[in-house]
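Take a look at the model below.

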Amino acid sequence: MQKTALVTLIALSCALFGASAGSAALKKEYKLNCNVTENTIWGQGTAYFCRLVKERTNGAVNIKPYYSAQLISGKQTNELLMLRNGTIDFSFAGLGNWSTTLPATRLFNLPWFIASAGEPMKALEVITHGKAGQMLADQIAKVGVTVIGWGYQAPRQIHAKFPIRNPDDLKGQKIRYVSSPLYKDIFEDLGANGININWSEALTAYQQGMVDAGENPYNTIIAYRVYEFHKYITEWNYSCTANAFVANNRVWNSFDDDAKKILRECAEEAGILTAKLNLLGMDDGSAYKWLKERNLLPTDENTIPTDPYKLLKDNGVTVIHLTHDEIMAFRKATKRAFEKHAVQVGLDLVKAAEEDMKAAGLKVDPVE
């Protein structure tokens, strides 16, 4: 009786995914890399994706998340290589970590480009779902990795032991940045001493005063309590990064069309979740309403607060909001870095992103 039930279950599972050779190749478990902890917004998007996939495939596709970059020994720059060679199957990737190998992924990090549209999160959405997003996905596919959906990071801010209002404030200061030739050039243009430190070692560097400042989105600053070491945050929105749900090409091609459709739908929904969590307490209340209606409001106010500005203020942090003219001073100072890396990203890709934003009614300030 039990054997008959098992045969029936297998038959139903095969029927769900078309009973193809691809479905016969399903693994018992797929490994997914996430560079941060589960309680962060990035980690919550990861967990939600894996949960949705398991539910909607009736357990046939089981993706197990590994947080804090366990699968890549904490070295984010190894992620793309390990995806390409199949050491890991999936990732919810921060594309900035791939920029040395794949310069096109620097698109989102061009200084004051995405953020210049005035609505960085909306700009990310229209780019990733527009012509530029498809062009970028095509380039990623050529190196052995398939983009199955997009997620979102909030704009990156600069946090420091001292207030920052103009480029002169950064001259000679030691600043930790994520591994990227673009970030290196940006901080060189600003006269700072940029130091490339893996995230797994960054908190120690902040705590011990090895660096004077760093750059991260609010969700990272808060979740990792960076504000305990750096009491000033300058809200300058200098870049805004898309994350991507990705799979090794061979793994992706092992799924039939039905499974691929489900995976893409789950990635899209998980990506929307990350956008809403990043906007929580920073929009007109729409994100809070969306999350509440779906019973997805975060439960840990110290990690993903409903009012991030209040949490920071309560912990003695001064948030500096720059004027448009003050921001433009930084943008002008990094014009060399922008133009150099726009060429490396691909001027056709940069132009496509501009067109995507303009088509959505977003203004893109020129670099002067």
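Which residues of helix α5 (residues 120–128) are buried? In this predicted model, they are P120, M121, A123, L124, I127 and T128. These residues cover an arc of only 160° around the axis, which puts them on the same side of α5. An α-helix has 3.6 residues a turn, so residues three or four places apart point the same way. The buried residues of α5 pack against α6 (131–142), β4 (145–160), β8, α11 (257–279) and α16 (347–359).

Next comes α6. Its twelve residues should span 16 Å at 1.5 Å a residue, and the end C-alpha atoms lie 17 Å apart, which agrees. Buried here are A132, G133, L136, A137 and I140. They fall within an arc of 135° seen down the axis, so they line one face of α6. K131 and K142 are exposed on the other side of α6. The cover over the buried residues of α6 includes α5, β4 and α16. G144 follows α6 and has a positive phi, near 100°.

Strand β3 (residues 90–94) is mostly covered, with five of its five residues buried. F90, F92 and G94 point one way from β3. S91 and A93 point the other way. The pairing of β3 is set out here.

Note on methods:
Residues numbered from 1 in each chain as written. Predicted model: local features only at pLDDT ≥ 70, side-chain atom pairs only at ≥ 80, totals over all residues. Heavy atoms only, no water. Buried < 20%, exposed > 50% of the residue type's maximum accessible area, 1.4 Å probe, protein only. Helix = DSSP H or I, 4+ residues; strand = E, 2+ residues; numbered from the N terminus. Arc of directions from axis to C-beta. Contact = heavy atoms within 4.5 Å. Expected span 1.5 Å × (residues − 1).
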